[in-house]
Amino acid sequence: MKVLLGTQHTIEWIVLGATLVVGLATVTLATGYGVTADPGVGAGFLPLVGGLGMILGGAMWAIQLVRAPRTSAPEPDPELEPATSAAVAFLSSDNEEDADEAELPDRAGWIRIGVVVAAIAGAALVLPTLGYTLSMALMLAVVLTFVGKRTPLVAVGVAVATTLATRLVFDVWLGTALPASSIPFLADWGL
């Protein structure tokens, strides 16, 4: 992997540093929640694993950045044949255009980001009322429908299957108490 000197290299180091800081903060906060509990894993177990994963990923990324040869962008050789020089110029300009396009999403991209953020915020708001199962299924169905462009039937089916699978893992296998609905008839159903 070649790393370009300058702005891109600096940005990578800044993002790497931020990743390590967030990972360390996550690990620190997770230990405060408790990693173990009587019925199974504690509330801090998954954040601890996530934070350690961020730190490990950041360390591997740092090794790649340190070991990568630093080169500047290739300049077309005027000695080459015109067709070859034109191909090099075309490929170089194509890479620059891709880099410019990757900086900010287009309007549709911003809409997809907004849908995901709104779905997560909405799920967080209704979680105490609807409970884990319904709020996660609704969130996944919205994201799959509006971002994943799935038909509503497929989105609901995948959302329900995924939510039930996560309930199996966390509630049954790991013994973690997931939030139940505060609505009595939903709570009676185990939702």
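These notebook entries record what I looked up in the structure, from the overall fold to single residues.

**Basis.** I am working with a predicted model, in which local features need pLDDT of at least 70 and side-chain atom pairs count only at pLDDT 80 or more, while totals for chains, interfaces and linings use all residues. Residues are numbered from 1 along each chain as its sequence is written, and side-chain values use heavy atoms, with hydrogens and water left out.

**Overall fold.** I began with the secondary structure, taking helices (H or I, at least four residues) and strands (E, at least two) as DSSP runs numbered from the N terminus. The protein has six helices and two strands, and along the sequence they follow the pattern β-α-α-β-α-α-α-α. I then looked up burial, where buried means under 20% relative accessible area, exposed over 50% and partly exposed in between (1.4 Å probe, protein chains only). Of the 191 residues, 19% count as buried. The exposed surface comes to about 13000 Å², of which carbon and sulfur atoms supply 71%; these areas come from the Shrake-Rupley method with a 1.4 Å probe, and for residues only the protein chains shown count as cover. For contacts (heavy atoms within 4.5 Å), I noted that residues 24 or more positions apart account for 59% of those with a separation of 6 or more.

**Helix α5.** I next followed α5 (152–173), which has 22 residues and reaches 30 Å from its first C-alpha to its last, close to the 32 Å expected at 1.5 Å a residue; the expected span is 1.5 Å times one less than the number of residues. Which residues of α5 are buried? They are Ala155, Ala159, Thr163 and Arg167, and they pack against α4. An α-helix has 3.6 residues a turn, so residues three or four places apart point the same way. Val154 also belongs to α5, but at 43% relative accessibility Val154 counts as partly exposed. Its C-alpha is separated by 8.7 Å from that of Ala141, 13 residues apart along the chain.

**The salt bridge.** I looked for salt bridges (a side-chain nitrogen of Lys or Arg within 4 Å of a carboxyl oxygen of Asp or Glu), and the structure holds one. The side chains of Asp171 and Arg167 form it, at 2.9 Å from N to O. Both residues lie in α5, four residues apart, or about one turn of the helix. Arg167 is buried at a relative accessible area of 17%, whereas Asp171 is partly exposed at 30%.

**Either side of α5.** Lys149 has a positive phi of about 55 degrees although it is not a glycine, and Lys149 is exposed, with a relative accessible area of 66%. After the helix comes Gly175, whose phi is also positive, near 70 degrees.

**Ser181.** Leaving out residues up to four places away in sequence, Ser181 touches Pro128, Thr129, Leu130, Gly131, Leu186, Ala187 and Leu191. A polar atom of its side chain lies 2.7 Å from the backbone oxygen of Thr129, and the side chain of Ser181 also reaches the backbone nitrogen of Ile183 at 3.1 Å. I took polar contacts as pairs of N or O atoms within 3.5 Å; within protein, one must be able to donate a hydrogen and the other to accept it, and residues adjacent in sequence count only if both atoms are side-chain atoms.
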